Amino acid sequence: DPYTEQTISLFEAMNKELIVKDHGIRLLEAQIATGGIIDPVHSHRVPVEVAYKRGYFDEKMNQILDDPSDDTKGFFDPNTHENLTYMQLLERCVLDQETDRKST
């Protein structure tokens, strides 16, 4: 926070209008896609569920991040040619038993 010089979550920055909401949502999706929501207190990544439980964003933002009708669908499913949220794409992934990695 540039006014208090305290570290705040991305969601808090959105609420204080320090970041435009649409940009903030895309940044949260990018965080999810690259390892999880950044914990502003401990500077490491946590799963979406953990971030929500810790209050790093509210129920409304949790729904936005998982909303299939949301306009911020920045991930492409090569099998169905649909634009999806990262959470939707992740749900469609299959675990490769040899590599222990998910793929579409």
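This is a predicted model: local features need pLDDT of at least 70, side-chain atom pairs count only at pLDDT 80 or more; totals for chains, interfaces and linings use all residues.
**Notebook: helices H2 and H4, and what surrounds them**

The axes of H2 (residues 21–33) and H4 (residues 59–66) cross at roughly 70° and come within 11 Å of each other. I then looked up the hand of this crossing, and for H2 and H4 it is right-handed.

Next I asked which residues make the contact between H2 and H4. On the H2 side I listed Lys21, Ile25, Leu28, Glu29 and Ile32, and on the H4 side Lys60, Met61, Ile64 and Leu65. Sorted by class, the contact of H2 with H4 has six nonpolar residues and three charged ones, with no polar residue.

I turned to the salt bridges, of which the structure holds four. One of them joins the side chains of Asp39 and Arg54, at 2.6 Å from N to O. Asp39 sits in the loop between strands E1 (37–38) and E2, while Arg54 sits in the loop between helices H3 (48–53) and H4, so this pair ties together parts that are 15 residues apart in sequence.

Along the principal axes, the C-alpha atoms fill a box of roughly 50 × 30 × 20 Å.

Last, I checked the confidence: the protein averages a pLDDT of 82, and 90% of the residues score at least 70. Strand E2 (residues 45–46) has the highest mean, at 92, and strand E6 (residues 101–103) the lowest, at 67.

How values were computed: Residues are numbered from 1 along each chain as its sequence is written. Side-chain values use heavy atoms; hydrogens and water are left out. Axes are lines fitted to C-alpha atoms, for helices over the stretch in contact, and angles run from 0 to 180 degrees between N-to-C directions. Helices (H or I, at least four residues) and strands (E, at least two) are DSSP runs, numbered from the N terminus. A crossing is left-handed if the near helix is turned anticlockwise from the far one by less than a right angle, and right-handed if clockwise. Contact means heavy atoms within 4.5 Å. Ala, Val, Leu, Ile, Met, Phe, Trp, Tyr, Cys and Pro count as nonpolar, Asp, Glu, Lys and Arg as charged, and the others, Gly among them, as polar. pLDDT is the predictor's confidence in each residue, from 0 to 100.
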